[in-house]
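Here is a short report on one protein chain. Look at the structure first, then read on.

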Amino acid sequence: MGIIEVEKVIIVEGRSDKRKIESIISEPVEIICTNGTLGTAKLDELIDALYDKDVYILVDSDEAGEKLRRQLRREFPQAEHLYIDKMYREVAAAPKHHIAVVLLSANIDVHAQYL
């Protein structure tokens, strides 16, 4: 029996969030930007594409981020929600070491220099 590779996907709000996370993780993970909102067509496309993947949601801890998180919670009930400390408010503004700890707690491999 071969080992099945786990496919992980992180959903973020913006490109700056995506760039920051890409620089921290050390395993192949698909990072999807919602650019703040998701239309019905895009959402349906995502639901189909992510059906059998491990989905993680990492959005800002502000009003827009929470609204998006609620929408994603409805559409991806199996997704794991990751949270940055509210004092940073935005993923892009959080220190890399803080994001690394959050990702590592979800069993996502990160570069050791950020720990």
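## A covered strand

Strand β3 (residues 54-58) is mostly covered, with 4 of its 5 residues buried. Buried means under 20% relative accessible area, exposed means over 50%, and partly exposed lies in between (1.4 Å probe, protein chains only). Strands, like helices, are DSSP runs numbered from the N terminus: at least two residues (E) for a strand, at least four (H or I) for a helix.

This is a predicted model: local features need pLDDT of at least 70, side-chain atom pairs count only at pLDDT 80 or more, and totals for chains, interfaces and linings use all residues. Residues are numbered from 1 along each chain as its sequence is written, and side-chain values use heavy atoms, leaving out hydrogens and water.

## Partners of β3

Which strands pair with β3? Strand β1 (residues 8-12) does, in the parallel sense over 4 bridges. Here I10 has Y56 of β3 as its bridge partner. Strand β4 (residues 80-82) also pairs with β3, again parallel, over 3 bridges. L58 stands opposite L82 in β4. Pairing requires that DSSP finds at least two bridges between two strands.

## Helix α4

L104 lies in helix α4 (residues 96-105). Is L104 buried or partly exposed? L104 is partly exposed, with a relative accessible area of 38%.
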